[in-house]
Amino acid sequence: MRICHIGLNHKTAPVELRERLAVQETDIPEILQQRINHPAIREAALLSTCNRVEMTVVTHDPDAAIAAVHEWFAEKAAMGLEQVREHLYSYTTDEAIRHLFSVASGLDSLVLGEPQILGQVKTSYEHALTSGSAGHVLHRLYQSTFAAAKRARSETGIGKQAVNISSCAVELARHIFGDLAGKTVLLMGAGEMAELAARHLRGNGCTDILVANRTLERAQNLAIEFEGHALTLDQLPDYLDAADIVLSSTGASTFVLLPETVQAAMKKRKGRPMFLVDIAVPRDIDPRIGDIDGAYLYDIDDLQQVVQGNVQHREHEAEQARDILEEEAISFLSWLKSLESVPLIRSIQQQMELRRIEEMEKAQRYLKDFDQAQIEAVERFSKALMKRYMHPTMQALKSLPDDIEGDLLMGAATRLFDLESTPSTLTRTKGKNEQSSG
């Protein structure tokens, strides 16, 4: 049994590709069901954020499973397989587990240590649960992931000074305007990112905040909190010229802000610059807007330059966090490797018990003069002898390496205990174990 983790992120793929692969939450159940219908994939989970799209699968055939997931990425992006594959990473078992732990802890994020990603990983696990694509292995994997991330964040300072995407956007705005006091802000979207941006902008002197959202009620809730004004996205053309800073983070699948709308607003602003930050994937703001005079447009990939300057002072804490994650990964791998040999161990135990019973039955003819207590003593002796004889073998099988050597040793044990000649026993045992693991 192997765990594979396949995906791409802000380090390996541009925003243009990531937005092609962005998945709506409502589509996730069907995607996961299709994946576990593939003969090589037993369990699956999908993580889709603005910075990454990654799939975790449990399989007995890593090559076939990875190939199937690669095909899904290419199909979703509507691109050739080789075009997409060059941006993908594919990790198996040890690397897969370490990568997922790192992602959940914020160590692989655009902003080192950012806290939002843990909630997104939890959501991806919940989707796998409700879709029925998470079985015994993924249950244990994600519980271990959450425990590892919690330790990394509580036992180090990785998250104490974490700078999020919204604060980076504010830093960019200061480069353009200098002092932000008195500037008018327009937030497109009323979710968590918009709320974080509003807090940072208010903290830097912005007092006039407009909140535009597809649903007016959500916009009003956020606007009330920051003493701002709520409007719908349809009202953008009427208010856009008042905005010095536009920060967009809606969940729309197409562009919300088009060049002609910004062009008209810039004419009304009479030369005053407008700073626009698009942190949504797919993007909300048409990239052609960046060609309009006075409009300074940045997308989420542009924020990486700002982020890099804020990372160095947290690297020491990150190293300590990685040490913690390694401890947790080793613990999970130990459990996974023992699980790999469970069907074989059970089959051997069953067969050896059958052989013991057969020998005890043969011995009965020599025990005619024994009373019941003496027969029971012989029975206990036979069980103890068998257990003592088999103990080194069982311990060795429980700690098999998760590589070709481990596979060879399992094959050798199968032949040594003559399990190939009694496939029904092994099959029944494996079937029961797989049912309990699903």
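Tutor: Here we go through the aromatic rings, the sheet and the core.
Tutor: This is a predicted model, so local features need pLDDT of at least 70 and side-chain atom pairs count only at pLDDT 80 or more, while totals for chains, interfaces and linings use all residues. Residues are numbered from 1 along each chain as its sequence is written, and side-chain values use heavy atoms, leaving out hydrogens and water.

Student: Where do Y125 and Y142 lie?
Tutor: Y125 sits in helix α6 (residues 116–131) and Y142 in helix α7 (residues 136–154), so their pair ties together parts 17 residues apart in sequence. Helices (H or I, at least four residues) and strands (E, at least two) are DSSP runs, numbered from the N terminus.

Student: And what kind of pair do Y125 and F146 form?
Tutor: That pair is edge-to-face, with 5.8 Å centre to centre and 65° between the planes. Ring pairs link Y125, Y142 and F146 into a cluster.

Student: Is F146 buried or exposed?
Tutor: F146 is buried, with a relative accessible area of 14%. Buried means under 20% relative accessible area, exposed over 50%, partly exposed in between (1.4 Å probe, protein chains only). Y125 is buried too, at 10%.

Student: Switching topics: what's the strand order in the open sheet?
Tutor: The six strands run β7-β6-β5-β8-β9-β10, with parallel pairing. Two strands pair if DSSP finds at least two bridges between them.

Student: Which are the edge strands?
Tutor: They are β7 (229–232) and β10 (295–299), each pairing on one side only. Strand β6 (residues 208–213) pairs with β7 over four bridges, and L210 has H229 in β7 as its bridge partner.

Student: Last one: how many residues has the largest nonpolar core?
Tutor: That core has 64 residues, and I3, L46, V57, F73 and I97 have the most contacts inside it. A nonpolar core is a set of buried Ala, Val, Leu, Ile, Met, Phe, Trp, Tyr and Cys residues joined through side-chain atoms within 4.5 Å.

Notes:
Phe/Tyr/Trp six-rings, centres within 6.5 Å; stacked < 30°, edge-to-face > 60°.
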